[in-house]
Every structure is written in structure tokens, then in C-alpha cells.
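Subject: Structure handover

Hello,

Here is the structure for your files. My notes on what was found follow below it.

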Amino acid sequence: MTVHVDTPQPPARPSGSGWGGLLLRLHFYAGILVAPFLMVAALTGLAYTVTPQLDRVLYGDQLTVDRVGDQSRPLAEQIAAARAAHPDGTVASVAPGEKDATTRVVFDVPALGEKQHTVYVDPYTAQVKGTLTTWFGSTPATTWLDDLHRNLHLGVVGRYYSELAASWLWILVLGGLILWWRRHRTATGRLRRLVAPDLAAKRGVRRTRGWHAATGVWLAVGLLFLSATGLTWSRYAGGNFSSALDALDAHAPELSTTLPGTVTPVADTGHHGGGEGGGATPVDPADTDRVLALARGAGLDGPVEVTPPAEAGTAWSVVQVDNSWPVRKDAVAVDPATGAITARSDFTSWPLLAQVSGLGIQAHMGVLFGPVNQVLLAALALGLLCVTVWGYRMWWQRRPTRADRRAPLGAPPDRGAWQRLPGWGIAVGVPLVFAVGWALPLLGVSLLAFLVVDLVLGARRRTSPPPLTSLR
């Protein structure tokens with residue numbers, strides 16, 4: 001005879017206080033569900049860190065010259081050589097070569113859309129070294145890896161992954177720091193325990209947690225930086241950030257290229273300037289040398305980009321393009337007919353937020369501090385991969401292994417921690433969550449999805465019949 005007896009379940013044990021339990025559950029679920037996106041971002045970001053060296057290997061013949069001469073050839077001669085090699089399109093900009101770098105003559109070609117053709121010319125011999133299809137100055141390899149990191153080559157849809165990863169990264173980092181501090185806040189030698197794993201711990205979840213948390217402490221500042229800078233040019237959160245800069249009048253100032261006595265507006269003074277075709281004002285290549293000399297006399301040293309006038313009644317623009325520290329980002333508008341500097345924009349006069357966001361983007365791309373910047377980014381990417389793997393390992397190590405309670409993975413922290421929060425915490429927290437969700441829309445939508453799934457699973461568990469034990 002078989003008798004079915006309801007097995008009483010032990011009462012759920014609270015996961016600490018309301019705040020601790022809520023943070024633990026949020027950290028657990030966010031880590032499990034968002035970690036795959038973070039791993040992809042870390043892997044693609046790690047690949048992007050080596051793009052300067054990769055460019056040298058793949059495109060060294062186009063980007064550099066073998067021998068550095070004493071005197072550069074006139075830009076007009078170099079542009080003429082580039083035009084002979086590339087008769088199609090209009091000259092969008094010219095970046096004079098310095099030291100061992102070739103001169104870049106960029107052509108707008110309507111069929112390429114946002115991309116352009118760049119002809120590389122030896123500045124000392126005016127010989128064409130080659131032509132590449134570029135995107136805002138980036139080589140094909142760098143452009144491919146950039147797209148891989150930003151959108152996995154999936155276009156607009158792919159951008160959701162990177163924004164989702166950046167939106168949750170700062171929450172995972174801050175939540176993990178608070179949980180680790182709470183665990184050791186009363187322990188002796190607290191600082192050492194926070195920053196170093198317990199090497200004396202036996203193999204298992206305790207040792208893995210030590211490596212996971214201590215490594216996270218060391219990476220925290222860098223990961224928070226990557227999250228913030230990544231969000232500034234994401235699709236939705238980046239749009240909100242740009243709107244905030246508009247409201248604060250904190251964008252980088254736009255260089256006016258309208259000549260005195262004219263009212264013709266200029267829509268763009270950046271990478272896609274005008275040229276000698278397509279209805280634009282014909283450009284005399286000889287003016288390029290005069291414009292460059294005037295800009296140099298106005299103090300624009302180092303690498304620069306010279307852009308012809310977009311249309312009649314506008315000036316040439318010359319912009320410093322040195323993004324390494326200390327950056328040189330000044331710009332002037334030049335009228336070659338009169339030799340006058342008609343407008344100027346200096347980096348030091350930019351609003352503070354514009355300066356900080358600009359520097360942050362360059363550091364995120366590994367440009368600001370050169371090879372040191374690349375090494376730091378690579379270390380952050382590798383560290384993030386390790387922390388993520390250790391997090392999944394803890395989930396597996398916490399699984400029940402008893403014969404009557406065997407499970408493939410560990411159970412999540414107990415739900416309902418928010419019910420143990422103080423009243424003021426709920427009153428402040430709910431509006432704050434809504435505000436953050438509005439500023440970071442993908443974070444808000446995914447958090448709502450987590451809550452709905454959690455509520456559904458909780459309701460199903462409450463309505464499920466208790467397990468039965470068979471006794472013979």
C-alpha cells in the first residue's frame with residue numbers, strides 16, 4: 001500500500017533586512033539575466049582596444065610613410081595627386097600628414113552614405129599610397145569592430161544590447177559594493193577583507209564569492225566610468241542626455257563659418273563639408289595652403305583637419321583633431337580672400353559638461369591616454385569577464401546536492417524583501433525608480449519585465465499543490 005503524505009515545507013528564511021534582501025535579489029536576477037550582454041560587450045570591447053595596432057598591421061602602407069622628409073609638399077599638389085587617383089566625389093576635408101603620417105584627402109561620394117573614400121598621400125613626395133573606405137576617419141577594420149561592439153552588425157536593433165548592458169552595469173557594480181560592504185562591515189580587518197579574497201577559504205561558494213567581490217571592488221571605478229560614458233551616446237539614454245545638455249546649454253559650441261556681411265547659414269562644419277561639385281562653391285586647392293598657414297598663425301598646432309566651405313558666403317574651417325591628452329580641439333574659421341580669422345572656438349571655452357563628456361568618450365575609446373588607455377580598458381574587459389564567470393559559478397555551487405533536494409542550479413534569494421522596507425524608503429524609492437527608468441528607458445522596461453515575471457512565478461508557486469512523499 002502506498003500512502004501519500006503532505007510534506008510540510010520549512011518557513012522561508014528572510015535574506016537579511018529589507019534593504020539587504022532587496023539588493024541581493026536585484027543583484028542576483030540582474031546578474032543572471034544581464035550578464036550575457038555584459039560578456040558580449042566585454043569581448044567586443046576587448047577586441048576594439050587593439051584597433052590602433054591592428055590598423056598599423058593591416059593599413060601601414062596607407063597610413064604611414066617609410067622615410068620622413070625635411071619639407072612637405074604643398075597641400076595643393078597633394079590634393080591634385082589625390083584627385084587624379086580618385087576623380088569621383090567632392091573633397092570633404094584634408095588632414096595634413098605630420099611626421100610619419102600620410103596626408104588624408106577625404107572625398108564625399110553620395111553612393112556611400114555616411115561613409116567616405118579617403119586617399120592617403122605621402123606628404124613629402126605627393127605620391128598616392130592608397131585609398132580606403134572610411135567612416136568618420138576610421139579604417140574598415142576599426143569600423144567593423146566598432147559596429148560589432150555597438151550593435152553586433154544588427155543595425156538599430158543591435159544597439160539595444162549595448163544600451164541594456166550599460167544601463168544595468170552601474171546598478172550591478174553599486175549593488176555588489178554595498179552587499180560586500182554589508183557582509184564585512186563589522187568584521188576585524190575590514191579593509192583587507194573588502195579588497196582581497198579569502199585565500200584560506202575552502203573550495204566552494206565562499207572562495208568564489210571572495211574572488212568575485214574583491215575583483216569587483218578593484219574594477220568598480222572603471223566599470224562605472226564605462227557605464228556612464230557608454231550611455232552618453234546610446235540611442236535612448238543618450239538622447240535624454242543630449243536633451244539635458246540642450247536644456248543646460250552645455251553642448252560644445254558650433255563654429256560659425258558665415259562670412260561677415262552675408263546671411264547664408266551653414267548646416268555642417270564637420271566631416272561632410274562641401275567641395276567643388278554637387279552645386280557647391282568651386283574650391284581652389286591652392287587656397288588650402290593659405291588657409292592652413294593662417295590657422296597655424298592663429299595658434300592651431302598639431303594634427304588638424306581643413307574643411308572647404310560648404311556653400312557660397314561661408315568660410316573654410318580648420319579644427320584640431322588631437323584627441324590624446326592633453327587634447328587639442330580648438331577651431332577657427334578662415335576667409336582666404338582676406339586672410340581674416342572670422343570665428344574661433346577654443347576647447348578651454350567649452351562648457352564643463354561638454355569638456356567632460358568629450359574627454360570621457362575619447363577615454364572610453366582608448367584614445368585619450370594612448371597605449372596606457374588601451375591596457376586599462378583591456379584589463380577592465382578581462383576583469384568583467386572573470387567577475388561574470390565567477391558569478392555564474394556561484395549560482396552553480398549553491399545548488400542543492402542532497403538526494404531528496406537535488407537541483408541543477410542554486411535557488412534565488414527570497415522574494416518579498418520590499419515589504420520589510422521602512423515607509424520612508426518606499427516613499428522615496430518609488431519616485432526615484434520611476435525617474436531613473438525615464439532617464440534610462442531600457443533599464444526601466446527591463447526592470448518592469450523582471451518584476452512582472454517575478455510576480456507571475458510567485459503566484460504560480462503559491463497556487464501549486466504541495467509536494468508528496470511516498471511511504472511504503
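A residue is called buried under 20% relative accessible area, exposed over 50%, and partly exposed in between, using a 1.4 Å probe and protein chains only. This is a predicted model, in which local features need pLDDT of at least 70 and side-chain atom pairs count only at pLDDT 80 or more, while totals for chains, interfaces and linings use all residues. Residues are numbered from 1 along each chain as its sequence is written, and side-chain values use heavy atoms, with hydrogens and water left out.

Overall make-up

The protein chain has 13 helices and 10 strands; these are DSSP runs numbered from the N terminus, with helices being H or I of at least four residues and strands E of at least two. Of its 472 residues, 40% count as buried. Contact means heavy atoms within 4.5 Å. Among contacts with a separation of 6 or more, 62% join residues 24 or more positions apart.

Salt bridges

A salt bridge is a side-chain nitrogen of Lys or Arg within 4 Å of a carboxyl oxygen of Asp or Glu. The structure holds 9 of them. One joins R296 and E98, at 3.1 Å from N to O. This pair links distant parts of the chain, since R296 is in helix α9 and E98 is in the loop between β2 (90-95) and β3 (103-108), 198 residues apart. R296 counts as partly exposed because its relative accessible area is 29%, and E98 does so at 30%.

R328 and D301 form another, with the closest N and O atoms 3.3 Å apart. Here R328 sits in the loop between β7 (316-320) and β8 (331-335) and D301 in the loop between α9 and β6 (304-307), 27 residues apart. R73 is bridged to E77 at 3.0 Å. D146, D147 and R150 are linked in a salt-bridge network.

A buried glutamate

E163 lies in helix α5 (residues 159-184). E163 is buried yet has no salt bridge, and the nearest side chain of opposite charge, R159, is 6.2 Å away (Lys and Arg count as positive, Asp and Glu as negative; His and the chain ends are not counted). The E163 side chain does reach the backbone nitrogen of R235 at 3.2 Å and that of Y236 at 3.1 Å.

Nonpolar cores

A nonpolar core is a set of buried Ala, Val, Leu, Ile, Met, Phe, Trp, Tyr and Cys residues joined through side-chain atoms within 4.5 Å. The largest has 30 residues, and L38, W168, L169, L223 and L384 have the most contacts inside it. Two or more residues each come from α1 (18-48), α5, α7 (205-232), α11 (370-397) and α13 (441-463). Helix α5 gives the largest share, 9 residues. Leaving out residues up to four places away in sequence, L223 touches L169, V173, L380 and L384. A second, separate core of 19 residues includes L75, A82, V306 and V332.

Aromatic pairs

Rings of Phe, Tyr and Trp (its six-membered ring) pair if their centres lie within 6.5 Å; planes under 30 degrees apart are stacked, over 60 edge-to-face, and the rest tilted. The count by this rule is 10 pairs. F28 and W395 are edge-to-face, 6.1 Å centre to centre with 85° between the planes. F28 is in helix α1 and W395 in helix α11, 367 residues apart. F28 counts as buried because its relative accessibility is 17%. F28, Y29, Y392 and W395 form one aromatic cluster.

Regards

Notes
Polar contact = N/O pair within 3.5 Å; in protein donor to acceptor, adjacent residues only side chain to side chain.
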